[in-house]
Amino acid sequence: MALANRVSPKSGVRRAGSGGSGKVALDPRLAGSLLRWYARHRRNLPWRRTRDPYRVWVAEVMLQQTRVETVVPYYLRFLRAFPTMRALAGASQEAVLRAWAGLGYYARARNLLRAARRIVRTGRLPTTAEGWRRLPGVGPYTAAAVASIAFGQDVVAVDGNVLRVGVRLLGLRKPCPDPAVRRTVEAALRVVLPAGRAGEFNQALMDLGATTCLLRNPKCGVCPVRPFCAAHAQGVAGELPRRRASRPRPHRQFVAALIRDQRGRVLLVRQPPDRVWGGLWTLPYVEAPSWRRARAALQRLVAVRLQPDGAPLRFEHAFTHFRAHFLVQTARPESPPGRGRFAPPRRPGLPVPAPVRRLLARLGKQPQQRE
Ligand code: SF4
């Protein structure tokens, strides 16, 4: 049913029903202004020079939770190592994780590999968002981004940046995250999506969110869609989206064993696939409040009895859902460890997560405590 809209003379936002209820729509002229702006101001990014679905997909997966500037060198290096879907599908998980090491959220890399193997094995490359959604690790945003950019499907791709832009354009006051707010934004954008230009439209919104409609201090003065923006018209751009009070992140305590051989190399173990750093190499560690409580489990992990040696080091790392406190205890094995691999701390030559790599670099600078 078409909405009986009333156009606000000030904002260009059409409202149906009571204000602030979320039943709002956008002015269709917005798309033209946005696309003209994008033609002049689009960011020059390596994945923008292609419509190869494999390359677009790799970029979109890397960009999840990660800033563009961080992604660019990883993207270029990853594509040098695995230039095609077939090359990726034929690679070992260890090689893929090594290329990914430092980007974080390693489930993305494992899923990318699983999905590439499935595509190559079945010979079926999806061309629609629905098809991409069926692949491991592909969510609604990535599916819509790949389908619109690489295949021209008329679907909207709403990531965090685009959601913020949409909330402001519509002037939605409901606190986020909220699935209803997301659905409202998606529905409103779908209505103004210019047929046949979804890839450009989605990328234009992404760029607007990344360069102009910033989280703090949106640059409304230079914004191409300001005439159509409810938040600007109402003077609340910087206050939207409203945030739900977030629950504090829980703290968890881990104990790691720092075991060196006579050459100063450090013992690393490969994490099982179901753990946070699944498939990556780290110091042997367990979740425990103290060395005394961790010792037996650590000994089982490396298949040797351990003696603590000196004062422990400490480091912290913030994961998405908790903050990890690591106590790193230097330990002497009573005989050669039965599990794990010794590696030079500064150049381990194995896929190692970034926080552990930073710790190893620190250890590499320290003189060995004692032979
Ligand atoms: Fe964002 Fe301001 Fe543009 Fe509205 S006018 S979309 S708040 S930058």
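Colleague: Which residues does Ala-257 touch?
Modeller: In this predicted model, leaving aside residues up to four places away in sequence, Ala-257 touches Leu-283, Pro-284, Leu-298, Val-302, Leu-306, Gln-329 and Ala-331.

Colleague: And in the largest nonpolar core, which residues touch the most other members?
Modeller: That core has 103 residues, and those touching the most other members are Val-58, Ala-144, Val-146, Leu-170 and Ala-257. Helix H8, which covers residues 140-151, gives the most to this core, with nine residues.

Colleague: Where does this core lie relative to domain 1 and domain 2?
Modeller: The core lies between them, because domain 1 (6-239) and domain 2 (251-365) both give residues to it.

Colleague: Switching to the ligand, which residues come nearest?
Modeller: There are 15 residues around the ligand, of which Cys-213, Cys-220, Cys-223, Cys-229 and Ala-237 come nearest.

Colleague: What about strands, say S5 and S11: parallel or antiparallel?
Modeller: Strand S5 (residues 266-270) and strand S11 (residues 341-343) pair in the antiparallel sense over three bridges, and within this pairing Val-266 stands opposite Ala-343 in S11.

Colleague: How many bridges join S5 to S6?
Modeller: Two bridges join S5 to strand S6 (residues 281-282), and these strands also run antiparallel; here Arg-270 has Trp-281 in S6 as its bridge partner.

Technical notes. Residues numbered from 1 in each chain as written. Predicted model: local features only at pLDDT ≥ 70, side-chain atom pairs only at ≥ 80, totals over all residues. Core = buried A, V, L, I, M, F, W, Y, C linked by C-beta atoms within 7 Å. Buried ≥ 20, exposed ≤ 12 C-beta atoms within 10 Å, placed from the backbone. Helix = DSSP H or I, 4+ residues; strand = E, 2+ residues; numbered from the N terminus. Domains from an automatic or database assignment. Contact = placed C-beta atoms within 7 Å. Near = placed C-beta within 6 Å. Pairing = 2+ DSSP bridges.
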